[in-house]
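Let's take a friendly look at how some side chains in this protein sit and pair up. Have the sequence and the 3D view ready as you read.

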Amino acid sequence: MPLKWVFHWQPNAGTTVNSQMLTEVSQCAESINGVKEGRWKATLTFYKPMFRDQAVPAEYPRDFLGISLPEQPNRYYFIIRSQKIVLEADSSIQMIMEKLQSYKSRVSLTFEGFQYQLGDFQLRVGKVAPSASENLRGIVLEVEYLPLSSMEKSRQILDGFVEIWQEAMSKRSLPGHFMHIEPNFAEFGLSDHYTSQHTAVQYATVMAQLISAVQTAQAKVAWWE
Amino acid sequence: MQQQQTQAARNPTSAESTAEAPPKQVALAMDRLAQAARLIADVRLGADRLLEALFVSAQPHQTTKPLHLFLKEDSSMRQHLQDLRTIGILALKAFTDQKRRFFPHLDDGLNGQSSASESVPKKHCGSQISTVTQQEELSDYRTLSDLLMHVEKDMPNMKIFTYQRLDWLKRASTLPCSAEEFLMDSSKEHDFHISNKPRLGLLGAVAADKVAVIELLFPSIFRAIISLHPAGSIDPDAVAFFSPDEGGSYVHARGFSVYHVFKHVTEHAAMALQYFLGTNTETALYSLLHWIFSYQTLFTEPCSKCKRLLSMDRQSDLLLPPVHRPYRSFCAIKSSSPQSISSTKNQTLDASHAYHVGCFSEEA
């Protein structure tokens, strides 16, 4: 399937993200001839284990994530980043988990926004917010190059796009920039040929970045609300 | 239709009487030829469908479905051929007249006549001597098997497969599959009623006189399809580029990719093919194959003019890599002839250069 890079908004020190920035980013997409196409939405859920007996908590992963992606409505993705595990399951797994009661959803986040078509590129601009509230906690950007599936062969094209995007963004003087951190896909057992599992791993990485950007523990708690 | 025909009949005479051809006449002539080309493609596809109907009827336990298919295709083929006859005669006359006036270098033996609209003269590969040397070398490759075997050595990383026309249509419908899957699948080959196995390897697998489609695959970069006409010859008549992940019955030498980048490359390739055929039909396929090979850098080579990889094309408002590779001075020469190489060093355009759409037209 076509490859994509997922970016997250890195605000400058001392600034926070706001909805005005989201509007500016959307306008930037339109300024490079992006055609608005429709909405998109992904969800990410943190799971915590439900202990029935005095099991050793250390055995259970603390970073167990579940992700649903709009391009795969019948699939659900699990990631345990610390152990470099990614798993694709049928979307009915969520119902099974509910019944089993082995893991419960601790907190859920939504990534949603608009999709833009730019020729052979597809852009998704989205806000990050807890599912229960509308409080903007971050901005994500997906850049997909439709003709290719190989990450190695498309690297320079995506780099070229980033250059053009940064040029367009710099005209808006926003206090921050988009960052892309490429996970080591090989560690997750993924190949050069792009799949939705790669996307799931990128979102898990983005999540880790967004959380680590929040400085204090108190602020971290507030972040989820 | 009637009205257009009479107008086309009038147009050639009025064009001849003026000093320059008004663009409208040329556009009309081009339009007629395009219609003719489309009808020819329809006839080809119709022929494939007829073959398919015959193939299906060879299967056991068939209904009258293949017969209906056959009759339907037969009548539509006859209509296409009739339309072609009507359009073709007028279009060809009008176009030939204009071509003789404005593209004299495309006619053999009519060099030296320049005109305002055609500013790029035919560039020879280095000196006259090295051109002759090149032709002598290439005359060794008069058969398709010789040509492809030689080319395969020159072009590592590019996989070449040959097919009969109907077999390619079958293959196109089973795409996409990754190159690895394809190579693994070849061991569990389908049991075709026709005994040819059209997949792996070169002409050892397909009877050389039946090869009508050449597939050039650069895994993860592109797939190019060349049509040969007549089958078994070394005369290409169409070429198209596609994403390596594309599949479907539209993936053939006259089809168009759904992706803009490959659509643009295909359009450019059609012009390159016409140029190679116009220059020397015997070496056209050889040149075309090497020219296609230069596209392995489609997603990595920056534009030789603006030095960027991606650029916003002003005409289409699309972000595209450099989709143009020069073909006018393209020299598909063997690396073992140093004399030819040193004399081409003075050329400003060569095969390793790439240009964006906008950058290329300015350069030329």
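A:Arg172 counts as partly exposed, with 24% relative accessibility. Here, buried means under 20% relative accessible area, exposed means over 50%, and partly exposed lies in between (1.4 Å probe, protein chains only). Which residue does A:Arg172 form a salt bridge with? The partner is A:Glu24, and the closest N and O atoms are 3.2 Å apart. A salt bridge is a side-chain nitrogen of Lys or Arg within 4 Å of a carboxyl oxygen of Asp or Glu. A:Glu24 lies in helix α1 (residues 19–31) of chain A and A:Arg172 in the loop between α3 (151–170) and β9, so the pair ties together parts that are 148 residues apart in sequence. A:Glu24 itself is buried, at a relative accessible area of 17%.

Helices (H or I, at least four residues) and strands (E, at least two) are DSSP runs, numbered from the N terminus.

## How to read the model

This is a predicted model, in which local features need pLDDT of at least 70 and side-chain atom pairs count only at pLDDT 80 or more, while totals for chains, interfaces and linings use all residues. Residues are numbered from 1 along each chain as its sequence is written, chains are lettered from A and ligands numbered from 1 in the order in which they are written, and side-chain values use heavy atoms, leaving out hydrogens and water.

Side chains of opposite charge can pair when their charged atoms come close.

One of the pairs is A:Lys84 with A:Glu187, whose closest N and O atoms are 3.7 Å apart. This pair links distant parts of the chain: A:Lys84 is in the loop between β4 (75–80) and β5 (85–90) of chain A, and A:Glu187 is in the loop between β9 and α4, 103 residues apart. A:Lys84 is partly exposed at 33%, and A:Glu187 is partly exposed at 45%. In chain B, the side chains of B:Glu215 and B:Arg223 meet in a salt bridge (2.7 Å, N to O), and both residues are buried.

## A strand with two faces

Now follow strand β9 (residues 176–179) of chain A, where the side chains alternate. Strand β1 (residues 3–11) of chain A pairs with β9(A) in the antiparallel sense over four bridges; two strands pair if DSSP finds at least two bridges between them. Opposite A:Gly176 in β9(A) stands A:Pro11.
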